[in-house]
Amino acid sequence: MIRIPLSALLGLTVTALFFAGAALAPWIAPYPMTQIVGDVWEPASAEHLLGTDSIGRDLLSRMIYGGRTTIWIATLATMLSFLTGSVLGLTAAVAGGWVDQALSRLVDLVMSIPTLIFALVVLSVLPTTMTTLVLVMGLLDSTRVYRLARAVAVDITVMDFVEAARLRGEGRGWIVFREILPNALSPLVAEMGLRFIFMVLFLSTLSFLGLGVQPPNADWGGIVKENKEGIVYGISAALTPAIAIAALAISVNLVADWILTRTTSLKGGRGE
Amino acid sequence: MLHPIVKLLVQRIALGLLLLFAASALIFAGTQLLPGDVAQSILGQSATPEALANLRAELGLNDPPVQRYFNWLFSALHGDLGTALSNGEDIAQSLGKRLGNTLFLAACAAAVSVPLALILGIVSVRYRNRWPDRLISAVSLASISIPEFLIAYVLIFYVAVQLRWFPSVAMISDAMTLGQKLSAIALPVAVLTLVVLAHMMRMTRAAILNVMQSAYIETAELKGLAPIRIIARHALPNAIAPIVNVIMLNLAYLVVGVVVIEVVFVYPGMGQYLVDHVAKRDVPVVQACGLIFAAVYIGLNTVADVVSILANPRLRHPK
């Protein structure tokens, strides 16, 4: 039986709630996403738990649907980033030589341009669809995963058991997926949490700038954009996504921290 | 015979220039990704063939991409960034003043955040694992869990709208005195400070803690020196290289964070200009802004490396 510390348990629960909310959005949202159900910026009431938004849509329903979009895109982008980054990173570490050099210098180059600036440059010519967003965010972020995967794998490739597998005559695929990947997995999984949070923040920023998810679809950054005019009249609708994003980010961080301490301490985190 | 450190520095700076050249190619390539035609996407589906042909000729789209890239790069190096498609203005002219405004904002944020990060870092080492340390790390965890534009709106909501201390938009003009300008940008500076503070502070703390484990620190403790004196006089000087490095990296980050903050506060800087023109699909402006942002970013990163080479006494005084 694994004993889970309280902070990690809290993180796991809140994260699970967010994902459940995303999956079940059409069933738990009290109103449809785009239906106008009341006046502009009504205060919170029994019918509208969070009040209404800038054109009278139910804010809670938009937050739930928005969470679905945000989490869905961020998850897909994280998966793409991990798939590309770790496969290339492990390949570079195992192959070495010119493959490693070429990939690493390319990654250095992409990372020398700030991610947001590069994303803006690319999005200025590409159509803003969800597919483009996932591709742009995932591929730009895979450079970070590549660096980590390569660094971790380089340490493992010089281990004796990898040498033994090479001498046994195993192919490169076996060495990458059966010898190195299982041992590199735990730091990668902990990093995955942080990359996911980064994706949520990144997508929110793009949507806030009007270059991410397009209306009438909601996402958390878009909800801020739609309701920002209310701020100067003292209407806090635009701040609601802040609470959602912070809660999600902190809970995923707690889980990632726990995974990291479990895997980096010698006793597997059991002694603490 | 060159001093080895000069050789290292020359190599690092040459690498920075090479990187900038490659980055400019990448930015140019990024705007050529569109399957189809820039002219078509500017004019829309209903454009007449004559209008399309005119625009293509005007934009030089009939030349091969490599030639267009070198034309663009050479004019950019001569200070000619082309004209904006959306309003026909000269880009270099519109950019000049905005770049100044952006650097002014970023410099003010740096002037506040760097000393603050150092002081808080030292405080949290002095009281490590006690409440000041825990409070500082809790606040910094919270500030990296919220996107910067939301921190900005939270501050606008409470500080500008409810308390009415500072204006909620940061409009500045040449007619304003320095004091008026500083008051106008107080909120954006506060947000930017919060955004970069957490990382700089944590790294300062980690760098000093790393040194604090050395034997000579124990000697200082056994001599009976005051804890704050040990940290400031004995530990800090040896932690200066990683700290300076982190500060430079965060300044580079600041230049990017400015983009979003400018949009929130309607500040007349480069970030706002860039975002406006991305939405208008004004490719020449986006390329020019991207190039300048990349140049500043690569420049600061190069400076970070140069400083850490200079801060290493073993490199400065080779055997």
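Visitor: Before we start, what is meant by the angle between two helices?

Guide: Axes are lines fitted to the C-alpha atoms, over the stretch in contact for helices, and the angle between N-to-C directions runs from 0 to 180 degrees. Keep in mind that this is a predicted model.

Visitor: Why is helix 7 of chain B called oblique to helix 9 of chain B?

Guide: Roughly perpendicular covers 65 to 115 degrees, and roughly antiparallel needs over 145. The angle here is about 135 degrees, so helix 7 of chain B counts as oblique to helix 9 of chain B. The crossing of these two helices is right-handed.

Visitor: Which residues of helix 7 of chain B meet helix 9 of chain B?

Guide: Among them are B:Ile151, B:Leu155 and B:Val159, and the helix 9 side includes B:Val191 and B:Leu194.

Visitor: Over to chain A. What makes A:Arg150 and A:Asp100 a salt bridge?

Guide: The rule asks for a side-chain nitrogen of Lys or Arg within 4 Å of a carboxyl oxygen of Asp or Glu. Here the N to O distance is 2.7 Å, so the pair passes. A:Arg150 sits in helix 6 (residues 130-157) of chain A and A:Asp100 in helix 4 (residues 97-111) of chain A, 50 residues apart.

Visitor: How do you know whether A:Asp100 is buried or exposed?

Guide: Buried means under 20% relative accessible area. A:Asp100 has 12%, so A:Asp100 is buried. A:Arg150 comes out at 26% and therefore counts as partly exposed.

Visitor: What does the salt bridge of A:Asp108 with A:Arg147 tie together?

Guide: Their closest N and O atoms are 2.4 Å apart. A:Asp108 lies in helix 4 of chain A and A:Arg147 in helix 6 of chain A, so the pair ties together parts 39 residues apart in sequence. A:Arg105 joins A:Asp108 and A:Arg147 in a network of salt bridges.

Methods:
Residues numbered from 1 in each chain as written. Chains lettered and ligands numbered in written order. Predicted model: local features only at pLDDT ≥ 70, side-chain atom pairs only at ≥ 80, totals over all residues. Heavy atoms only, no water. Helix = DSSP H or I, 4+ residues; strand = E, 2+ residues; numbered from the N terminus. Parallel < 35°, antiparallel > 145°, perpendicular 65-115°, else oblique. Left-handed = near helix turned anticlockwise from the far one by under 90°. Contact = heavy atoms within 4.5 Å. Buried < 20%, exposed > 50% of the residue type's maximum accessible area, 1.4 Å probe, protein only.
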